[in-house]
Amino acid sequence: MIESPNQTLEERLAENPLLEGLRLRRTPEPCAMVIFGASGDLTARKLFPALYALAYRRLLPERFAVVGSARTPLSHDEFRDQMREAVSEHARDEFRTDVWDWLAERTTYVSTEFASEQGEDRVAAELTRLDDERGTSGNRVYYLAVPPEAMPKLVEEVGERRSARGWARLIVEKPFGRDLASARELNALLAGRFSEAEVFRIDHYLGKETVQNLLALRFANGIFEPIWNRQFVDHVQITVAESLGIEGRAAFYEQSGAIRDVFQNHLLQLVALTAMEPPIDFDAEAIRNEKVKVLRALHTPGPKNVVRGQYGRGFEEGFEVPSYREEDGVAPDSETETYVAAKLYVDNWRWADTPFYVRTGKRLPKRETTIAIQFQRAPHPLFSDAATDGLRPNVLLVHVQPDEGVSLAIAAKVPGQGMTIRTVDMNFLYGGAFRTDLPEAYERLILDCLLGDATLFMRADEIEEQWSLVDAIVAAWQRDRPSFPNYEAGTWGPPAADDLMHRDGRSWRRH
């Protein structure tokens, strides 16, 4: 069901009572948002469609403006036309001329070299004009959708020209460094111009509704938290699988690989949210404090507990696809990993000796992100082996994407005479329960930044703890030369990843 901006909240509630509670508690203050790197793919595919969705739902302040800034020479009208086309193609809502016109009249463009003094002067002058004409009150959100090499000078220039009145917030896209040393250097640079409360390090996975629902699932239900520990949980599996290859990003991917592209941020953030202790309250610092404790408690896995892979030729949806080394821009002898699996331990009282199996990879059979909490088997088998043949343990499965929801696998008697028991799933799907489209991650994250809520953004110490673990793993890899490719495109990774589980008498979830 598509929500209409012409409907009142009361009319929407009459159609769907579960929408009660979706009122925005407060409206963002007047502000101007500057997008550096505005001619890039991220702005067209994610940022402007997100801004359009927020405008569609009247969640942006009336006194609001957007300034696009990039090297590409464009006029205001040319930039607006490009963004109109992007919104028409990528927005989740129907295209409405009245909504677009509202956003377009608040959108301008400044062509500039990143971090040139003259260019930043032009951006600053445009923001001053918008303060006068749009009443944005000197409040600024700077979105840095730029290459890593452009960031240091840009941060300095923006910091020097921040408005003397109003507040400033900085959204920083990943990659946030490529190792611990570079991450610390970037954190120090940011700290020299902005306070930690003004820096919003974005990981779009944290903006997904189901990731946020993991907190609600644990801490708003009395039945889960008492058994969310080593006494009742056998193990945890977290999968971030992609069916696509590198999609023309060879220059980036050759430098990052799967461990820096996904493992260091998305996967470790999901581990932290799954394993964290209950925070004292639901605010940014309390939640991030608990996540950092988990990251610090992660035991560095030994070489036997980490598997890396690189895809070879194979088939995706019936079509033959090339190996990673045959992709455009990839070295024919590249040792960059496209798959990582690991067994992690959180060394604390709640999770001692409970393994967290994690994996991520490209060219896998399907695109999905899931968190599976597998509970211990029932302690005393009352039923015969024949009655329970094929019965699986209880599993709480959180579907992060693409089908957002939660399912719980339980044992139930098969109808009919005799006692035969099979595993069945109790499913909750967002779309079915709330009958409304889920917001895209960037919608939630941009709105939170406008509101000054950093709960779903990463703090400096989180970033550094994640890189510390990754650096230790990568250092161990440098001592050996892998035999790549070691898995076919369209399969679930190298055989060693299965062995990682089989050694413990376990196996990856069947898909």
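Colleague: Quick one before we start. What does buried mean here?
Modeller: Buried means under 20% relative accessible area. Keep in mind that this is a predicted model.

Colleague: Okay, take A476. Is it buried or exposed?
Modeller: A476 has a relative accessible area of 19%. The cut-off is under 20%, so A476 counts as buried.

Colleague: And where is A476 found?
Modeller: In helix 13, which covers residues 460-477.

Colleague: How many residues apart are A476 and E335 in sequence?
Modeller: They are 141 residues apart in sequence. In space, C-alpha to C-alpha, A476 and E335 are 14 Å apart.

Colleague: What comes just after helix 12?
Modeller: G452, with a positive phi of about 80 degrees.

Colleague: Now helix 4. Which of its residues are buried?
Modeller: V99, W100, W102, L103 and A104. Their cover includes helix 2 (41-56), helix 3 (76-90) and strand 3 (107-111).

Colleague: Last one, D81. Buried or exposed?
Modeller: D81 is exposed, because its relative accessibility is 52%. D81 sits in helix 3.

Colleague: Which residues gather with D81 on the surface?
Modeller: E78, E85 and E89. With D81, they form a patch of negative charge.

Conventions: Residues are numbered from 1 along each chain as its sequence is written. This is a predicted model: local features need pLDDT of at least 70, side-chain atom pairs count only at pLDDT 80 or more; totals for chains, interfaces and linings use all residues. Side-chain values use heavy atoms; hydrogens and water are left out. Buried means under 20% relative accessible area, exposed over 50%, partly exposed in between (1.4 Å probe, protein chains only). Helices (H or I, at least four residues) and strands (E, at least two) are DSSP runs, numbered from the N terminus. Contact means heavy atoms within 4.5 Å. Patches are made of residues with over 30% relative accessible area and no salt bridge: like charges are joined within 9 Å, nonpolar side chains (Val, Leu, Ile, Met, Phe, Trp, Tyr) within 5 Å. Accessible areas come from the Shrake-Rupley method with a 1.4 Å probe; for residues, only the protein chains shown count as cover. A salt bridge is a side-chain nitrogen of Lys or Arg within 4 Å of a carboxyl oxygen of Asp or Glu. Lys and Arg count as positive and Asp and Glu as negative; His and the chain ends are not counted. The place of a charge is taken as NZ of Lys, CZ of Arg, CG of Asp or CD of Glu.
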